[in-house]
Amino acid sequence: MSTSSACSPRPVRGRFAPTPSGRMHLGNAFAALVAWLSARAAGGEMVLRVEDLDPRAASHERAELLMDDLRWLGLDWDEGPFWQSERGAAYAEALARLDDAGLTYPCFCTRAELHAASAPHASDGTPIYAGTCRGLPAEEVARRAAARPPATRLRVPAEDDPAGTIEFSDLAFGTQREVLARACGDFLVRRSDGVVAYQLAVVVDDALMGVTQVVRGRDLLGSCARQIYLGGLLGYEPPEYGHVPLLVAPDGRRLAKREKDLDLGALRARGVRAERVVGALACAAGLAQAGWEGRPSELVASFSWKALSARRADIVVDDALLGRLLA
């Protein structure tokens, strides 16, 4: 199965999809900046969706802070915010369609059992599922379900089935090809606690919200094949994808929301101007000349995925970059 969505003539409709688990950090800001520039450079629209589906990450207060940070940076949107926590009916309908088609099955494997398996891990760090629960007889399913609720997995085609080979072109990383049976195996569409899995929620949301372009960190590049395959089963046309470098510490660790000194709230409290943040990120990615500072709107006319694809390495937040921010 292949898709050439990057060549689609559809109008560009991008999206911000933050998770309100903490204040926006520099890595979030960089992905949001590129997503906004890509859509605006094409004359397109932006949608804001708050990914608060997981109760552990649900906080309207933190979501409001994220939206305030976006506005402070100069990044606006045309529709939203949409809240995943309010979209349960859409996810239930998609799950029912998959269930009715015989494409899903209950899984009783614990997290510990999955990580103890001998199978290697997928590119996003999740274990490649060995199919342990795929063929359980109905009476065994009923017995186990009486003890604890199962998760739900989606069947993927056998390794030699062409339907399970996904090809697509990424705006930054070029042609990608993945065999689902080797790369991830049958994957979750609903967790055992009843929360819909990320892969299903974003596919449904992007399709129903008319999103035609998804720009995000390159750590999610490995999710694309699953999302394209799942969307195809539901009858959705895939968006085009563009993955951007991560911001990492000098030792290679990915910046996370726990790095409180590098979140936008901390930078703003120190008096750092939005123009300086935008300039430092744009210069580090090759989207502006060294030393430039300004608003995102000033970068729209010159934005190019060619420039980004030429500098795909992760961006190291070293003393030089921090110096440009904090000078």
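Predicted model: local features only at pLDDT ≥ 70, side-chain atom pairs only at ≥ 80, totals over all residues.
View 1. Let us start with its residues: Ala274, Arg276, Val277, Val278, Gly279, Ala280, Leu281, Ala282, Cys283 and Ala284 of H10 are buried.

**View 2. Gly294 sits in a loop beyond H10.** Look along the loop between H10 and helix H11 (305-309) to find Gly294. Is Gly294 buried or exposed? Its relative accessibility is 4%, and buried means under 20%, so Gly294 counts as buried. Leaving aside neighbours within four places in sequence, Gly294 is in contact with Glu275 and Val278. Val278 is also one of the buried residues of H10. Now compare sequence with space: Gly294 and Arg273 are 21 residues apart along the chain, and their C-alpha atoms are 9.6 Å apart.

**View 3. Helix H1 is mostly covered.** Of the 16 residues in H1, 14 are buried. From its first C-alpha to its last, H1 reaches 22 Å, close to the 22 Å expected at 1.5 Å a residue. After the helix you will meet Gly43, which has a positive phi, near 70 degrees.

**View 4. Three parallel strands make an open sheet.** The strands lie in the order E1-E2-E3, and their pairing is parallel. Which strands stand at the edges? They are E1 (13-16) and E3 (79-83); each has a single partner strand, so one side of each is left without a neighbour in the sheet. Neighbouring strands here are turned by 25 degrees against each other on average, direction ignored. Between E2 and E3 there are three bridges in the parallel sense, and Val50 stands opposite Trp83 in E3. Helix H2 packs on this sheet and touches E1, E2 and E3. The direction of H2 makes about 155 degrees with that of E3.

**View 5. Strand E1 is covered on both faces.** On one side of E1 are Arg13 and Arg15, on the other Gly14 and Phe16, and all of them are buried. How many bridges join E1 to E2? There are four, and the two strands run parallel. For example, the bridge partner of Arg13 in E2 is Glu45. Follow the chain from E1 through H1 to E2 and you trace a β-α-β crossover, which is right-handed.

**View 6. Asp54 meets Arg191.** Our last stop is the loop between strand E2 (45-50) and helix H2 (60-73), where Asp54 is found. With a relative accessible area of 18%, Asp54 is under the 20% cut-off and therefore buried. Which residues does Asp54 touch, not counting those up to four places away in sequence? They are Arg191 and Val195. The side chains of Asp54 and Arg191 are also joined by a polar contact of 3.1 Å.

Conventions
Residues numbered from 1 in each chain as written. Heavy atoms only, no water. Buried < 20%, exposed > 50% of the residue type's maximum accessible area, 1.4 Å probe, protein only. Polar contact = N/O pair within 3.5 Å; in protein donor to acceptor, adjacent residues only side chain to side chain. Contact = heavy atoms within 4.5 Å. Expected span 1.5 Å × (residues − 1). Pairing = 2+ DSSP bridges. Axes fitted to C-alpha atoms, helices over the stretch in contact; angles between N-to-C directions. Right-handed = clockwise from strand over helix to strand, strands pointing away.
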